[in-house]
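Here's a quick tour to read with the model open beside you. Have a look at the fold first, then the ligand site.

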Amino acid sequence: MAVDRYLYQLRLSDDVLLDVTARFQAEMGKGLARDTSPTAAVKMLPSFVRSLPDGSEKGDFLALDLGGSQFHIHWVKEFDDGKQSSQLESKSYPTPKEVMQGNGAELFDYIADCLSDFMETKNLKHKKLPLGFTFSFPCKQTKLEEGVLLAWTKHFRVRGVQDTDVVSSLHRALQKHQDIDVDVLALVNDTVGTMMTCGYDDQRCEVGLIIGTGTNACYMEEMRHIDLVEGDEGRMCINTEWGAFGDDGALDDLRTEFDRELDLGSLNPGKQLFEKMISSLYLGELVRLILLKMTKEGLLFNGKVSTALLTKGKIEMKHVSAMEKYKEGLSNTKEILTELKLFPSEEDCVAVQHVCAVVSSRSAKLCAAALAAILTRLRENKQLLRMRTTVGIDGGLYKTHPKFAGRLHRAVGRLVPACEVRFLRSRGGSGRGAAVVAAVARRLAAQRRRLHTALAALLLPPAILWELRDKMRAELEHGLKRETQAQATVKMLPTFVRGTPDGTEKGKFLALDLGGTNFRVLLVKIKSGRRRSVQMYNKIFAIPLEIMQGTGEELFDHIVQCLADFLEYMGIKGARLPLGFTFSFPCRQASIDKGTLVGWTKGFKATDCEGEDVVDMLREAIRRRNEFDLDIVAVVNDTVGTMMTCGYEDPNCEIGLIAGTGTNVCYMEDMKNIEIVEGNEGKMCINTEWGAFGDNGCIDYIRTKYDREVDEGSLNPGKQRYEKMTSGMYLGEIVRQILIDLTKQGLLFRGHISESLRKKGIFETKFLSQIERDRLALPQVRHVLRQLGLDSTCEDSIIVKEVCAAVSTRAARLCGAGLAAVVEKKRENQGVERLQITVGADGTLYKLHPHFSRILQETVKELAPQCDVSFMLSEDGSGKGAALITAVAKRLHNVGQK
Ligand code: BG6
Ligand code: BG6
Ligand code: GLC
Ligand code: GLC
């Protein structure tokens, strides 16, 4: 046939199509990658739609659907009846040319007027309704409820809208209608709306396809491939805007002279070149241009060029569709051409029908090629060899053309045999999907609000922090004064450590370090003078729970057993070495080597120890074992050991801080202020035992119900209230209590409290530290939660992370307020305008938590503005400090004996 010469270029073999698939795959990659996306032809726009419908959407919604062949308004009712049923009431409004090609204000006023009319007729006025806005043009979104129009496409060209946010324009227009109250919650492309509409019926739907006035597709992409949106977890729907494929010349070899001519006569020359080869707005015109040329060359209509053939837009998609109804033979074709005043012969009819078929099947095949690229990408993302999936699809060309769907399906089948695709026609258009998106958005917003209410109690405004600083300060004074000391909650225990190291310490010592996360035995060799150095050997031993909470005798026997193992291991069993005992619990001391346990804290609760001298208990246990002898010279709190460890490096270190399993501070106090110890000269280290701050109820007003629950479930209810809000042993429990509460409120884990979440103590500090580590590493969060037996969604993990952050931030700020009180006191003691001081710090929370130490330091700065506080991390633990104290005590002892 002579026409074939013309049509040759329009026929695309499967090889060519596979090549198109490969080209489109490359374009998608470009659109997603940070470096190439600004100049990419295929824009790959993030839609901020992160999940498919899950059936939990319910309520009344409005939907606007603008940009296809019709402008619709819908009222969508999603029922909560477990059957995912919904009801749709719709009305379509005309979109006159003045509106499509006028100015922006007119367009949005028109939309608002139609909406107002719709609400009037449906009796919806004065009802507050959420609205989903399907706007079928390329928009750059940074969130769901905002979108900047990149360019008009298809038959729209409205002035003053490009580069502006269409949602605010709509809001502005709606404000003029006092009697309607709608909240535009989501802006979605029609492809996205279609995918969501279909996703409602088939959960496997992860692609949305439009082949109508325009053409476009969206699909669910892995977040980790979307450079332009932060976060790596889960998926997000990408609006490919594939209509612009080829705008950079990528399809030039496939475009014919007719495509070029059509483009030149369009509203947006050079743009949407792929769309112009495919969609219904252009299909009839392509046919017309081909027929015109053929007629001019005498191949049709006896060479007679009629006005109809010369009239732009004369042949429409509906004509093409009708002419391709082959079942009806040529009669349809003849009728239509006659109607168009083209008066064909029988032969003309055959030729025209042929042209239509070639043009529309090219369209179907090109669509298939691009869709094949998307399907392949999905399959590769899922690392599957074969994939079953569903494509939600809408648009006049697909739905009304007699052959189009079949051609598309068959071509896809040939191009991607590894994918089994179900093509699902959208029922009720994209409006329903937009309503679903709005519903999800509304649910998330409500969730946010409730989450913030729950966490609000953990916020500590500056005024409260200042108040807490002052309260702590008052408690410190109480503990020091003779009259108030007995009732004081912050006990301010004298340690009989009177100075920080001066470098003259030397010798070989043993140290025990009991009460933190690890129990250690150490051998410390200290050299003084020019060869000043400290060498340490240590071994960590476990203390089983049944020993921590058994009898005192068992506990101390166990300690001595570990000591014996260590001496054996080091080969020093025979030497009677001096020993410093770091014992991280409150002890009332009468000298450096005497310490009566006031009360267990943290996880210890061995019987028959409280009120006893722990040094005696240790000596007796050594005697019981009768295997070796040791000279126990000093018992020190871990804060004191830490201060000494750091003091060895920095003489200005006069404060020791522990933020670990428990929390506590010691500092060098002027003797004259310590009323219960004789003498007014010099200084002595005071172990504040500030963990008990608030045990008299003075901080109850900031304690939440979660704190009370944690306290009640602890080994020492009512005790160590400050510690229970600030230290590692309890933060995880607070988090757990909050998570349980949020789950009960239906805000987490789909309202299901799992067995793991019921388990006390599942959240150790190390998990908190992991969860909060990197600001956005949600996969890690989910991984940690999974380790804890908590199956979380992406949304869950975001919430869990926020809860952890709220709890640890509060802890750091509280601790900072306490420390500010201590440094301020030191400043006043010294009577200086500005104080320079170093705090030696240790503890897992301080060391391992990603933000704790920073927030703590910031808070101290804020609340003690006249103090320049340096923080020194104790690298070697408190054992070294205990050995240094032992060295000094031993020397003094020896001097005393002489
Ligand atoms: C409709 C959808 O069914 O199809 C619209 O609701 C979409 O959102 C339209 O734009 C596309 O088809 P057409 O043929 O109307 O452009
Ligand atoms: C260690 C000290 O480094 O930190 C211990 O050597 C101290 O003495 C401990 O008790 C505190 O931290 P945590 O987190 O182990 O309780
Ligand atoms: C045009 C628009 C696109 C839309 C498509 C189908 O290509 O740019 O956003 O999805 O038409 O309506
Ligand atoms: C607890 C102890 C205290 C110790 C602190 C840090 O608060 O009572 O003595 O210093 O924990 O380990």
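## Ground rules

This is a predicted model, where local features need pLDDT of at least 70, side-chain atom pairs count only at pLDDT 80 or more, and totals for chains, interfaces and linings use all residues. Residues are numbered from 1 along each chain as its sequence is written, chains are lettered from A and ligands numbered from 1 in the order written, and side-chain values use heavy atoms, with hydrogens and water left out.

## The sheet and its helix

Pairing here takes at least two DSSP bridges.

S9 (residues 205-211) and S12 (residues 387-394) run parallel, joined by 5 bridges. Ile210 is opposite Asp394 in S12.

## The annotated domain

An unreviewed UniProt entry places "domain: Hexokinase C-terminal" at residues 207-440 and 654-888; such annotations may be inferred rather than shown by experiment. Residues 207-440 are 49% helix (H or I runs, at least four residues) and 14% strand, with end C-alpha atoms 19 Å apart.

## Around ligand 2

Ligand 2 is surrounded by 14 residues (a heavy atom within 4 Å), and the closest are Asp513, Thr661, Asp842, Thr844 and Ser878. A side-chain N or O atom of Asp513 is 2.5 Å from a ligand 2 oxygen atom.

Terms used:
Helices (H or I, at least four residues) and strands (E, at least two) are DSSP runs, numbered from the N terminus. A polar contact is a pair of N or O atoms within 3.5 Å; within protein, one must be able to donate a hydrogen and the other to accept it, and residues adjacent in sequence count only if both atoms are side-chain atoms.
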